[in-house]
Amino acid sequence: MNPLKSGTLDLALLAALQDQPRYGLDILRHVNERSGGLFDLREGSLYPALHRLVKAGWVDSDWQPSDRGGAPRKVYHLTSEGRAALHAKRQEWQTLRGALDALLIRALLRRALPRRSA
């Protein structure tokens with residue numbers, strides 16, 4: 001199962017950048033760890049998605065020296081447009097989640113409650 005389909009990958013990446021700028025592998029590690037391993041995000045999906053977010057104006061990047069003395073790292077951060085997109089996508093997610101919860105809870109209640117005789 002790969003839950004990172006459609007717009008959920010964009011939402012996950014924007015959320016990963018909401019508190020602090022991160023370089024690519026740090027974003028990957030953050031998303032995978034925070035999801036409890038459910039999201040198996042890999043570099044082959046990460047970098048094209050980041051480029052798409054940069055092109056949309058939601059994320060920007062700059063080169064910063066490595067804290068370990070290695071080569072400089074490309075660090076990504078949200079733009080003001082990215083913060084607005086995160087807010088909008090979070091609201092879309094909550095609406096979708098609420099609708100699905102309503103459907104699932106209704107089905108669970110139907111199974112749990114005894115049927116009435118007519």
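Is the crossing of α1 and α4 left-handed or right-handed?

1. The crossing of α1 and α4 is left-handed, a term used when the near helix is turned anticlockwise from the far one by less than a right angle, with right-handed used if clockwise. This is a predicted model, in which local features need pLDDT of at least 70 and side-chain atom pairs count only at pLDDT 80 or more, while totals for chains, interfaces and linings use all residues. Residues are numbered from 1 along each chain as its sequence is written, and side-chain values use heavy atoms, with hydrogens and water left out.

2. The axes of α1 and helix α4 (residues 80-112) come within 10 Å and cross at roughly 125°. In this contact (heavy atoms within 4.5 Å), Thr8, Asp10, Leu11, Leu14 and Ala15 of α1 meet Gly82, Ala85, Leu86, Lys89, Arg90 and Trp93 of α4.

3. Asp19 lies in the loop between α1 (8-16) and β1 (22-23), and Asp19 is exposed, at a relative accessible area of 68%, where exposed means over 50%, buried under 20% and partly exposed in between, with a 1.4 Å probe and protein chains only. From C-alpha to C-alpha, Asp19 and Leu86 are 12 Å apart in space, although 67 residues apart in sequence.

4. Helix α2 (residues 24-34) and helix α3 (residues 43-56) have axes that come within 10 Å and cross at roughly 115°, and this crossing of α2 and α3 is right-handed. On the α2 side the contact is made by Gly24, Leu25, Ile27 and Leu28, and on the α3 side by Glu43, Leu46, Tyr47 and Leu50.

Definitions and conventions
Axes are lines fitted to C-alpha atoms, for helices over the stretch in contact, and angles run from 0 to 180 degrees between N-to-C directions. Helices (H or I, at least four residues) and strands (E, at least two) are DSSP runs, numbered from the N terminus.
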